[in-house]
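Subject: Structure for your review

Dear colleague,

Please find below the structure that I am handing over to you.

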Amino acid sequence: MKPPRLPTTFRLACKRLGVTPTRHVFTVRVAQQRAALFELTANANRPAAKLVKEFVCSTSKFGIGQVSGSNRTPLGLHRVAEKHGCGQPAGTVFKGRKPVGHLRDGLPLESITTRILGLDGLDPGFNRGGNVDSFARYIYIHGFGDPASFGHPASHGCIHLADADLIPLYEQLPVGTLVWIEKGGRVTESKS
């Protein structure tokens, strides 16, 4: 399988929205249940994107969609708006973005765990504002207690990563880092 490349659609969205690409860009391909971290480097003619790492992830078991209450993973250009969990041990469970215990204490495997990267949509009317606002929907990149779910749609809209991937990613990406979520192949989209 060929390594992923930074999608042209990401660059087009940045241009259309007047958003300057950040040093790192995190991309999610829903159909493949894969994510990737790219580092943009200056080139004499135009910026180049170097693949830093590819990840297995899990997106919504309800498919893709933008609307609040749908439990679907939203598409498009986002940014990391906030970070929670710095210094907490892997397996820490969060409720309302506050640590409330640990998986070893018998808390549900379906919990939000380890680290939270809260996402803010950047495309007004598509993933920002009104009933399609990713930030108001609490769309996160976060840990998840059931490792068997990675590589398969299992979330309620968020992007799940393994702790071994999430912790270094959390440390590396500052607030403001761009996140691009795309279909990446055949997947059913819903307006709901």
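The protein chain contains 2 helices and 10 strands; helices (H or I, at least four residues) and strands (E, at least two) are DSSP runs, numbered from the N terminus. Their order from the N terminus is α-β-β-β-β-β-β-β-β-β-α-β.

This is a predicted model, in which local features need pLDDT of at least 70 and side-chain atom pairs count only at pLDDT 80 or more, while totals for chains, interfaces and linings use all residues. Residues are numbered from 1 along each chain as its sequence is written, and side-chain values use heavy atoms, with hydrogens and water left out.

Overall form

The radius of gyration of the protein chain is 16 Å, which agrees with the value near 16 Å for a compact globule of 192 residues; this radius is taken over C-alpha atoms, and the globule rule is 2.2 Å times the number of residues to the power 0.38. The C-alpha trace spans about 55 × 35 × 30 Å along its principal axes. Of the 192 residues, 48% are buried (buried is under 20% relative accessible area, exposed over 50%, partly exposed in between; 1.4 Å probe, protein chains only). Among contacts (heavy atoms within 4.5 Å) with a separation of 6 or more, 65% join residues 24 or more positions apart.

Helix H2

Helix H2 covers residues 163-172, and its buried residues are Asp165, Leu166, Leu169 and Tyr170. Seen down the axis of H2, these buried residues fall within an arc of 120 degrees, so they line one face of the helix; the arc is that of the directions from the helix axis to the C-beta atoms. The exposed residues Ala164 and Glu171 are on the face turned away from the buried side of H2.

Phe94

Phe94 belongs to strand S5 (residues 92-95) and counts as buried because its relative accessibility is 6%. Beyond its neighbours within four places in sequence, Phe94 contacts a set of residues including Gly85, Gln88, Pro99, Val100 and Ile112.

Two residues with positive phi

Most residues other than glycine have a negative phi. Asn71, however, has a positive phi near 60 degrees; Asn71 lies in the loop between strand S3 (48-58) and strand S4 (76-84) and is partly exposed, at a relative accessible area of 32%. Arg97, also not a glycine, has a positive phi of about 65 degrees. Arg97 sits in the loop between S5 and strand S6 (98-102) and is partly exposed, with a relative accessible area of 25%.

Yours sincerely
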